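Reader: I would like to learn how to read a helix and a loop residue in a model, and I would be glad to go through them step by step.

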Amino acid sequence: MTKYIFVTGGVVSSVGKGITVASIGTLLKSRGLKVSVQKLDPYLNVDPATMSPYQHGEVFVTKDGAETDLDVGNYERFIDIELTTESDITSGQIYSAVIARERRGDFLGGTIQVIPHVTGEIKEHFKKIAVDSGADVVLVEVGGTVGDIECQPFLEAIRQMRNDIGRDNVLYLHVTLLPYIASTKELKTKPVQHSVNELRRMGIQPDIIACRADYPISDGIRDKISLFCDVERQAVIPLTTVSSVYEVPLVLEKEGIGNLVVQRLGLSAAAPELSCWQHIASCNDGCEQSVSIAVVGKYVELEDAYYSTREALRHAGLQHNRKIDISWVQADGLEKNNDIESKLRGVQGIVAPGGFGARGVDGVIRAAAYARENNIPYLGLCLGMQMMIVEFARFVLKSDKVHSAEFAADTPYPVIHLLSGQPAADSNGGVMRLGNYPCYLLPGTRVAQAYGEDVSIVLERHRHRFEFNNDYRQQLEEAGLVFSGFSPDGQLVEVCELSDHPWMVGCHFHAEFRSRPNRPHPLFCGLVGAAKNVMREGSQPTLPLD
């Protein structure tokens, strides 16, 4: 029988549940166990697809095209698995499904209630991911914090699972904050006690408490939490802030949580194999030189809006033994700033990530022009590729009227457009290309070399509607734009590059979603590899005076 680990959070949100879940999944996988993960998001949106990045951060896309919470990206990166639409369940999905069943008459005229109908629907998703994945262990993270009204159906559902499948097959882990009071220079346990009391009021006694703190947690504090929260002392796990999230699996293993979980769930597991993570940690600590990369985006005020892009850059930095120094540049700031040098001077590379809407696209175009004219390595992701093509086409056609039909419907030169016969957007966004699509690489190109010459086809994840207009393919090719990757039928341009530039590459897919700390994405590696060879401002040797 599949075992379940249910993870809740207390005191504040964003306390680190997602990284903790991903790290425990990593420790279990390192012991030879098959792991899957599920996130329960309490909001009533059906998914985060139409939510503002400023409110929810990045939308992570799975291989089957699900638009999910950014924590799903953390699960994939840490555990090195590919998840599906079942890995992100929202209250909106649950209530929509229950109401649809009621309208069909599935309940035979019965009164529909939170218990048992809503909780029953939630538990069906627990069972489905276990069956579909064939996992030994399913980790389920409950979003938000204990005490939130919208979390209550999820908490009741995980409580019921204890009775449904047996106490020995369920483990409850509570991740909570130990706040530090500067005036008294001490960590306070009272918020943890109140958080656990609220959880127990819902009928759930945690088996393990992971305590997040910015300062070391003394034995006395662990004893106090053990006593007041009725948890064995060895199950009070200190989780202090570290310099890199990729150290968390090693920290948790050192604190004994891996063996504790295996013991509590009665799992048959091998000894942990964590040499890969030890290598990642040592590489991170050993990086002395840095590479300066500007991320020119629409939502840079919230770094989590580009979470996977940031992590993919860090992965590539580890590959090249470089720390990545990211400059977050607001795209619409470049539209208004005549002195673009003041924003981009000194950077060794530029990344233009995806986004929706017209705001800031002219700034992305200006960033692409700066990279092209100054031989600065550039990587355009989705929108960043489209604007790279628009900028180059403006240069070739000598017209600033060249644009994407998405942002200028009346442009006489729509180098980016909707395909002929492609339906307009509907309420579900179903016309978008979402999830994995194959891309055939053109041999001999920089992109093909980055992936490896023995690789001719790759699967990459998409999230867009508009495509390159093939009416301009020949003209732009003759001017030096190389189309280095296509859909299987050769009709859709997936990757392009400039022939006379050290590294100016655009991809229609979101390369960042498939990067891993132990296996960086080739296009990000190519960018950082080219960027580290760019001389930084002020680093040139001083010439002697005559």
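Author: Keep in mind that this model is predicted.

Reader: Which residues of helix 7 are buried?

Author: Burial is judged by relative accessible area, and under 20% is called buried. By that reading Val-192, Gln-193, Ser-195, Val-196 and Leu-199 are buried in helix 7. Viewed down the axis of helix 7, these buried residues fall within an arc of 165 degrees, so they line one face of the helix.

Reader: What do the buried residues of helix 7 pack against?

Author: Their partners are strand 1 (3-10), strand 7 (170-177) and strand 10 (208-213), together with helix 6 (152-165) and helix 8 (219-229).

Reader: How far does helix 7 reach from its first C-alpha to its last?

Author: Helix 7, with its twelve residues (190-201), reaches 16 Å, close to the 16 Å expected at 1.5 Å a residue. Just after helix 7 comes Gly-203, whose phi is positive, at about 95 degrees.

Reader: Turning to the loop residue, is Thr-62 buried or exposed?

Author: Thr-62 sits in the loop between strand 3 (60-61) and strand 4 (67-68), and Thr-62 is buried, its relative accessible area being 0%. The side chain of Thr-62 makes a polar contact with that of Asp-64, at 2.6 Å. Leaving aside residues up to four places away in sequence, Thr-62 touches several others, including Thr-68, Val-72, Leu-83, Gly-435 and Arg-461.

Definitions and conventions. Residues are numbered from 1 along each chain as its sequence is written. This is a predicted model: local features need pLDDT of at least 70, side-chain atom pairs count only at pLDDT 80 or more; totals for chains, interfaces and linings use all residues. Side-chain values use heavy atoms; hydrogens and water are left out. Helices (H or I, at least four residues) and strands (E, at least two) are DSSP runs, numbered from the N terminus. The expected span of a helix is 1.5 Å times one less than its number of residues. Buried means under 20% relative accessible area, exposed over 50%, partly exposed in between (1.4 Å probe, protein chains only). The arc is that of the directions from the helix axis to the C-beta atoms. Contact means heavy atoms within 4.5 Å. A polar contact is a pair of N or O atoms within 3.5 Å; within protein, one must be able to donate a hydrogen and the other to accept it, and residues adjacent in sequence count only if both atoms are side-chain atoms.
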